[in-house]
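User: I would like to learn how to read side-chain and backbone features in a protein model. Please take them one at a time, with the rule and then the case.

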Amino acid sequence: MKNAGAPSPQLLRRLNAHAVLSFLRTADVATGSDLMAWTGLTRASVIAVCEDLLHRGWIRELEADRQSGQPKGRPARRFELNPRAGVVLGIDIGAATTTAAVADLRGNIIARASRSFWIPEIPAAERIDVVDQACRAALAEAGAASTDVLAVSAGLAAPVDRAGNVLVTRPFWRLFDVGLRAALKDLHGWTVLLENDANLAALGERWHGTGAGVDDLVVLLASERIGAGLIESGRLLHGLSGAAGEMGYLDLVDGVGSSAGIAVLAREWYQAATGSPLEAPEVFTAAAAGDPAAAAVLDRLAERLARVVASVAVLLNPEQVVIGGAVAGSAGALVPGIEAWLPRFTATVPRVTVSPLGDAIVTIGAVRHALDFVEANALDLTLAARPA
């Protein structure tokens, strides 16, 4: 009797192609032996996969390196990703602005473009148009055509479930339920993946940040409001409705009281203490210059963030918590204070770092998300006709 649990030949082909493309994305050039070592496949299986990917245009074969080959026999075949096979788009959609990044299939970002919404509560059609303008501008800067786009990932400042549906139980979240997937599909034929922005930040940080390779990781987007992307055992957590990592519970945490972020509180607390309006980076600069009021604001922020980090540590016990977003460049000054406070609030103290990715953290994660989709579905995607 046929084994009902055995994978189908079609599934095996997809998995093998995914494994080969994942390796070639990180390696400049790979031989059949390299791919065998990485994938665990036999030589015959590796060559069969490579021949299929060559035929489809995903990879190309380089001229044999005879100098490094065996003294006798045929030199090893060498393969690389086809750099002209296509591009992906990573988009960060906030309430005020949207940024689109174009990346090649190795994940190198080759162009960016940003556009602003004239007010957050603009109609859905206008919001879609602004996002589309950013995408078109980024593609133009990259010298890429709409037909070159293999997948799009868009990060939203709202919960998104596993099926890509936006949770709309709060008025602010409704700003992002605009039918973006269907609209960009109609306009360009693109496959669009929707994801929460903090979740994409976690993917970006684990890929290219201080959390690279960490399997139990929390990334706090902490600028205007605090939201968290959660990775547990190497897996991104969504929850039933996509609301895992939403920080509304901070309203109930003693010494925190809300999910307001660093930029908001630094501005408000400094103005309340001095009457002078300073933005968060200026408050951090003033503290470094010896301003006692600014230093007091930073002390308050460090204690408050330590309570936030502790609440996450008690619930999830992560190895590392990363502070990310637009304020990350300044937030390093808070880390010593956070580390000093943490043992008072939790017995499971995580490592605390600041992301080096700045305000690009969401678009970097979106690129990673789009590449994951492309590599997993390569055999179902049709590449635009173009020379290798």
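Analyst: We start with a charge over a ring, which requires NZ of Lys or CZ of Arg within 6 Å of the ring centre and within 35 degrees of the ring normal. Here the charged end of Arg 300 sits over the ring of Trp 269, at 3.7 Å from the ring centre. This is a predicted model, where local features need pLDDT of at least 70 and side-chain atom pairs count only at pLDDT 80 or more, while totals for chains, interfaces and linings use all residues. Residues are numbered from 1 along each chain as its sequence is written, and side-chain values use heavy atoms, with hydrogens and water left out.

User: Over which ring does the charged end of Arg 127 sit?

Analyst: That ring belongs to Phe 117, and the distance to its centre is 4.1 Å.

User: How many aromatic pairs does a search of the whole structure find?

Analyst: Rings of Phe, Tyr and Trp (its six-membered ring) pair if their centres lie within 6.5 Å; planes under 30 degrees apart are stacked, over 60 edge-to-face, and the rest tilted. The search finds 3 aromatic pairs. One of them joins Phe 23 and Trp 38, a tilted pair with 5.4 Å between centres and 35 degrees between planes. This pair links distant parts of the chain, since Phe 23 belongs to helix 1 (residues 9-26) and Trp 38 to helix 2 (residues 32-39), 15 residues apart. Helices (H or I, at least four residues) and strands (E, at least two) are DSSP runs, numbered from the N terminus.

User: Are Phe 23 and Trp 38 buried or exposed?

Analyst: Buried means under 20% relative accessible area, exposed over 50%, and partly exposed in between (1.4 Å probe, protein chains only). Phe 23 counts as buried because its relative accessibility is 16%. Trp 38 has 53%, so it counts as exposed.

User: Which kind of aromatic pair do Trp 341 and Phe 345 form?

Analyst: Trp 341 and Phe 345 are stacked, with centres 5.8 Å apart and 5 degrees between the planes. Both residues lie in helix 11 (residues 335-345), 4 residues apart, or about one turn of the helix. Trp 341 is partly exposed because its relative accessibility is 23%, and Phe 345 is partly exposed at 25%.

User: At roughly what angle do the axes of helix 9 and helix 11 cross?

Analyst: Axes are lines fitted to C-alpha atoms, for helices over the stretch in contact, and angles run from 0 to 180 degrees between N-to-C directions. The axes of helix 9 (residues 292-316) and helix 11 come within 8 Å and cross at roughly 50 degrees. Helix 9 is therefore oblique to helix 11; under 35 degrees is roughly parallel, over 145 roughly antiparallel, 65 to 115 roughly perpendicular, and the rest oblique.

User: Where is Asn 317 placed?

Analyst: Asn 317 lies in the loop between helix 9 and strand 12 (320-324). Its phi is positive, about 50 degrees, although Asn 317 is not a glycine. With a relative accessible area of 48%, Asn 317 is partly exposed.

User: Which other residue has a positive phi, near 55 degrees?

Analyst: Ser 233 does, and this residue is also not a glycine. Ser 233 is placed in the loop between strand 10 and strand 11 (235-236). Its relative accessible area is 52%, so Ser 233 is exposed.

User: How many disulfides are there?

Analyst: A disulfide is a pair of cysteine sulfur atoms within 2.5 Å. By this rule the count is 0. Cys 50 is buried at 1% relative accessibility, and Cys 135 is buried at 0%.
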